[in-house]
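Subject: A structure for you to look at

Hi,

I am handing over the structure we talked about. Please open it next to this email and follow along as you read.

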Amino acid sequence: MNPRLNAQPAVVDARDFCDPDVGAWIAPGPVPSVFEFARACGSTGLLSREGERAANVRIVAVLYLGGGLFDGPGAGRARFGLLLRARRRLMPASYRFEIPRARFPALEQVPIHAVPSTRARELAANHYFLVR
């Protein structure tokens, strides 16, 4: 039996709490696709920032932000995002994000945002980031 069937959905509609114009990550090189990120759902990763203790996070779901999901990277508004669960609260800032199981290079300067407290329990996650 696939454990994903009883877990949180792989895609969450985030149009009601994510502003696609605020703090999206733009990769300096090739951008992993929405499918590569979706395949990483359920994986653990590591968020790190100079001078701070690294935080373990789990990728909970891909965030749907409306149209533009398959637009070219870097142009326009954020196309999608990732919903994350960390054991501790993180300061909204830019982090290095490593996802060993995902088989793509570490993501640099990823702006992490807090999930609104009114949605955190429902989504079983407390942070997210957007991909432009």
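Ser48 counts as buried, because its relative accessibility is 19% and buried means under 20% relative accessible area, with exposed over 50% and partly exposed in between (1.4 Å probe, protein chains only). Ser48 belongs to strand β3; strands (E, at least two residues) and helices (H or I, at least four) are DSSP runs, numbered from the N terminus. Beyond residues up to four places away in sequence, Ser48 touches Ala54, Tyr95, Arg96 and Glu98, where contact means heavy atoms within 4.5 Å.

Before you go further, please note that this is a predicted model, in which local features need pLDDT of at least 70, side-chain atom pairs count only at pLDDT 80 or more, and totals for chains, interfaces and linings use all residues. Residues are numbered from 1 along each chain as its sequence is written, and side-chain values use heavy atoms, with hydrogens and water left out.

Now to Leu47, which is also in strand β3, residues 44–48. Is Leu47 buried or exposed? Leu47 is buried, at a relative accessible area of 1%. Its contacts, leaving aside neighbours within four places in sequence, are Ala54, Ala55, Val57, Leu84, Leu90, Tyr95, Arg96, Phe97 and Ile112.

Arg79 sits in the loop between β4 (55–64) and β5 (80–86). With a relative accessible area of 7%, Arg79 is buried.

Next, some backbone angles. Most residues other than glycine have a negative phi. Arg103 has a positive phi of about 60° although it is not a glycine. You will find Arg103 in the loop between β6 (93–98) and β7 (107–114), where it counts as exposed at 79% relative accessibility. Ala124 also has a positive phi, near 55°, and is not a glycine either. Ala124 lies in the loop between α2 (117–123) and β8 (127–131) and counts as partly exposed, at 31% relative accessibility.

Stepping back to the whole chain, there are 2 helices and 8 strands, in the order β-β-α-β-β-β-β-β-α-β along the sequence. The radius of gyration is 14 Å, close to the 14 Å that the globule rule gives for 132 residues, so the chain is as compact as a globular protein of that length. (This radius is taken over C-alpha atoms, and the rule is 2.2 Å times the number of residues to the power 0.38.) Along the principal axes, the C-alpha atoms fill a box of roughly 35 × 35 × 30 Å. Of the 132 residues, 45% are buried. Among contacts with a separation of 6 or more, 67% are between residues 24 or more positions apart.

How far can you trust the details? The average pLDDT, the predictor's confidence in each residue from 0 to 100, is 85, and 92% of the residues score at least 70. Over residues 1–6, however, the pLDDT is below 50, and this stretch has 5 contacts in the model beyond near neighbours in sequence. Where pLDDT is low, the predicted coordinates should not be read in detail.

Enjoy exploring, and write back with any questions.

Best wishes
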